[in-house]
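Biologist: I would like to go through the charged side-chain pairs of this protein. Could you take me through them?
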Amino acid sequence: MSDVVIIGGGPAGLTLGCYLADAGVPCVILERAQHPRPHVGESLMPAAIRIFKEIGFLPIMEAADFPHSGGVVYHPGGRTSIPIGYSEFPQEGIEQEYTYHVDRSKFDLLLLKHAENQGCRLVQGANVREVVFENGAARGVDAEIGGQTVSFPARVVVDAGGRATKIGRQLGLRRDHPVLDQFALHAWFLDVDRGSRATEDYTHIYFLPELRGWAWTAPINDEITSIGVVADRSVYAVYQEADVGIADFFLESLSKNKALKKATKRAERINELKGEVNYSYQLDQTCGDGWIALGDAARFTDPIFSSGVSVAMHNARFAAERIQTALESGDCRRETFLPYEDKLRADAAIWDDFIRLFYRLLPAFTHVVESPEHRASVLRLIQGEVHADTDGHVLEEMRGLVSRVERADTHELKDQLMDFPMA
Ligand SMILES: Cc1cc2nc3c(=O)[nH]c(=O)nc-3n(C[C@H](O)[C@H](O)[C@H](O)COP(=O)(O)OP(=O)(O)OC[C@H]3O[C@@H](n4cnc5c(N)ncnc54)[C@H](O)[C@@H]3O)c2cc1C
């Protein structure tokens, strides 16, 4: 029997594996795919660097020659653009002023090899079919490997299997987001105009209010750029009725923001257009007797701030602490994991408000990003490093502006209020 069995060899599961191996805790990671496998989520936020350092992965990232990312530029729609450079906000424990854009198939493979070198046992091509429970407590998993069912008993089961939300679905704990019902289309392109030299290596985010969504461009290497469009499903339904196919819808979306239209004027798609649907949800519980869920398996909301990988890794860091406490004390009941769930819940509440305010009135976001007083907090928030006590003022500021615009009979921003319910 392993102490810990981890479902999923993505950033969450592999990072957890590294922390556990470092603490001498035997674990096995079961991954249904064979790496390298493609995955969405290519721009990393600075918060990930802290984890890379702790798990000894930073030298591998440096040697891998991924393009650097110096920051993010927001393009609200008109002529202005709002850049945020990571060098503006030196962060504790992070010496470098850049992060990376990654081809996820390469990044996840490197992390997988690193976890293996650190001492994790990895089984690829192992599709976890069921989490096994005894008297209400998780006791291991059954996985299908080469057509056979193989049991992996363990003292703690971790769901790091991403949006498949294995435990969440098995226990009926997965709840779709009450408002966000978006989908994303993305592919790789040649000949995308990356703009001025100062921000050519940044992630570019373009607001698309007409689609209740947004778009990204991010360099994959010197020539290839990833482009993605996020839209509300109700918006696409209208196009569908007019017989507009998904590829045409994608192309049309690129013309809905002036800066995006310019950047993609000559863009040529070089791989298949991929879709991601229905990805905003959370679990009612993120831990239970003998189990814990992390990364996308615990919750996921609109990826506009490119924070998914760093959030997954930070979840893994905290989960590793609780798992060690549970194994050392011999008490793997839900109570031992609860501090982890409480932190996730508090962060999720702030994050959810932030995203709702963002959609309700886009200028409320540009207002706080442009404000010297709030800019640093916004950077922390957008990379998922939420601090309820210090970052709440950003939300207050946004809320204040939204309610002033809502109450005013006339206001220059009135026509930018979107029909987007707050909590
Ligand atoms: C449109 C979109 C854009 C995004 N852009 C960004 C971005 O720019 N930057 C960023 O940081 N994040 C981004 N994300 C989020 C990012 O993709 C995820 O947050 C991140 O991959 C989460 O890591 P994870 O390890 O939790 O899950 P995953 O990376 O999904 O890994 C889970 C692993 O579990 C495996 N698995 C699943 N089920 C089973 C099973 N039953 N048995 C065994 N293995 C299983 C899967 O094969 C997979 O390898 C984006 C997401 C979307 C939808």
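Biologist: Is Arg333 buried, partly exposed or exposed?
Modeller: In this predicted model, Arg333 counts as partly exposed, because its relative accessibility is 47% and the buried class ends under 20% while the exposed class starts over 50%.

Biologist: Which residue does Arg333 meet in a salt bridge?
Modeller: The partner is Asp331, with an N to O distance of 3.0 Å. Asp331 is partly exposed, at a relative accessible area of 22%.

Biologist: How many salt bridges does the structure hold?
Modeller: There are 25 salt bridges. One of them pairs the side chains of Arg37 and Asp108, at 2.8 Å from N to O.

Biologist: Which parts does that pair tie together?
Modeller: Arg37 lies in the loop between strand S2 (27-31) and helix H2 (47-54), and Asp108 lies in helix H4 (residues 104-118), so the pair ties together parts that are 71 residues apart in sequence.

Biologist: Are Arg37 and Asp108 buried or exposed?
Modeller: Both Arg37 and Asp108 are buried.

Biologist: Changing topic, which residue forms a salt bridge with Glu406?
Modeller: Arg360 does, and the closest N and O atoms are 2.9 Å apart. Glu406 belongs to helix H13 (residues 388-407) and Arg360 to helix H10 (residues 334-360), so this pair links distant parts of the chain, 46 residues apart.

Biologist: What about the accessibility of Glu406 and Arg360?
Modeller: Glu406 is partly exposed at 33% relative accessibility, whereas Arg360 is buried, with a relative accessible area of 16%.

Conventions. Residues are numbered from 1 along each chain as its sequence is written. This is a predicted model: local features need pLDDT of at least 70, side-chain atom pairs count only at pLDDT 80 or more; totals for chains, interfaces and linings use all residues. Side-chain values use heavy atoms; hydrogens and water are left out. A salt bridge is a side-chain nitrogen of Lys or Arg within 4 Å of a carboxyl oxygen of Asp or Glu. Helices (H or I, at least four residues) and strands (E, at least two) are DSSP runs, numbered from the N terminus. Buried means under 20% relative accessible area, exposed over 50%, partly exposed in between (1.4 Å probe, protein chains only).
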